[in-house]
Amino acid sequence: MPATTTLRPDMSRARPAWRMPAPRDVVVKGERIRYFEQGRGAPLVLMHGFSGSAQFEWGRVIDELSRNHRVIAPQCIGFAPSAQPDITYSTAALVEHLGAFFAALGLTGVTLLGESFGGWLVGSYAVAAAQTGSGLPPIERLIVVGGALGKFKFPKPDTSGFFHDVVAKEVEAMMLIEPQYDNDRTREAILRDSGLARAELDDVAMAQIRVPTLLIWGDRDALIPLERGQAAARAIPGARLVVLSDIGHIPSVECPAEFARLVDEFASQ
């Protein structure tokens, strides 16, 4: 049976403001990739979800995570302000581009973390990297946060539960100052071209993951229900699942202190 822990975050605690270091650019496979970097130590790479915003998803935790790690948060290929090339956004293309990003920055010993769509991408990367002769830069550890794993139903636009209630107004205020980019075509292309919507990363695929894996899930996640995290914990050899009580889909925004502590402890092992 997988190891499962339940944690109740202290939602009365004040949450830090969103803050990111100055952006950087690197050319990967001929395309410009925007990324943020802070700290020293073993690399911890953070992949955003379909929000398309590294700033939104990681701006509350990058300071804490960078105390012990070299934190690198890229904008995935196709998500502005990274380049938005007219390519086939297949699973293989996205995975290969992520591997090329590691190579471009000379990253080794990576702990790879992804949220939602990003969780699907990093899980797909871990499966591909485990294959003999893949040629992908290896990773040391994997962290999936509310990942789009297996088969799930996309929620209706008015679905509640994306965020803990006390965070909703903070998110609304952040959206007023968050840079807005049009990433709809990229999202549509990924859903059309990749295995994301086809449940390609199923239990059989996840059973091939060969690195230590931590799964972090909010029990109020209305987008990717906790049952998907529980299934993933059973499928991935040796995986550990941490369930965050009364938390929705993006714990790094909702309970940043507890999220950063979990990630730091696992990445430091």
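What share of the 269 residues in the chain do buried residues make up? Buried residues make up 58% of them. Buried means under 20% relative accessible area, exposed means over 50%, and partly exposed lies in between, with a 1.4 Å probe and protein chains only.

This is a predicted model, in which local features need pLDDT of at least 70, side-chain atom pairs count only at pLDDT 80 or more, and totals for chains, interfaces and linings use all residues. Residues are numbered from 1 along each chain as its sequence is written, and side-chain values use heavy atoms, with hydrogens and water left out.

**The chain as a whole**

The chain has 10 helices and 9 strands. Helices (H or I, at least four residues) and strands (E, at least two) are DSSP runs, numbered from the N terminus. Along the principal axes, the C-alpha atoms fill a box of roughly 45 × 45 × 40 Å.

Of the contacts between residues at least 6 apart in sequence, 81% join residues at least 24 apart. Contact means heavy atoms within 4.5 Å.

**Aromatic rings**

The structure holds 9 aromatic pairs. Rings of Phe, Tyr and Trp (its six-membered ring) pair if their centres lie within 6.5 Å; planes under 30 degrees apart count as stacked, over 60 as edge-to-face and the rest as tilted. One of the pairs is Trp18 with Phe56, which is stacked, at 6.0 Å centre to centre and 15° between the planes. Trp18 lies in the loop between strand S1 (3-7) and strand S2 (24-28) and Phe56 in helix H1 (residues 54-58), so the pair ties together parts that are 38 residues apart in sequence. Both residues of this pair, Trp18 and Phe56, are buried.

Phe56 also pairs with Phe163: the ring centres are 6.3 Å apart and the planes stand at 85°, so this pair is edge-to-face. Because Phe163 lies in the loop between strand S7 (139-145) and helix H5 (168-177) and Phe56 in helix H1, the pair ties together parts that are 107 residues apart in sequence. A separate group, Phe50, Phe79, Phe117 and Trp120, forms one aromatic cluster.

**Accessibility of selected residues**

| Residue | Relative accessible area | Class |
|---|---|---|
| Thr186 | 4% | buried |
| Phe56 | 5% | buried |
| Phe163 | 22% | partly exposed |
| Asp246 | 29% | partly exposed |
| Pro237 | 43% | partly exposed |
| Lys29 | 57% | exposed |

Thr186 is found in helix H6 (residues 184-193). Leaving aside neighbours within four places in sequence, Thr186 is in contact with Ile77, Gly78, Phe79, Gln84 and Tyr89.

Pro237 sits in the loop between helix H8 (226-235) and strand S9 (240-244). Not counting residues up to four places away in sequence, Pro237 touches Met206, Ala207, Ile209 and Arg210.

**Backbone details**

Ala80 and Pro81 are joined by a cis peptide bond, with omega about 15°. Pro81 belongs to the loop between strand S5 (70-74) and helix H3 (91-105).

Lys29, in the loop between S2 and strand S3 (31-38), has a positive phi near 50° although Lys29 is not a glycine. Asp246 is another non-glycine residue with a positive phi, of about 65°, and is found in the loop between S9 and helix H9 (251-254).
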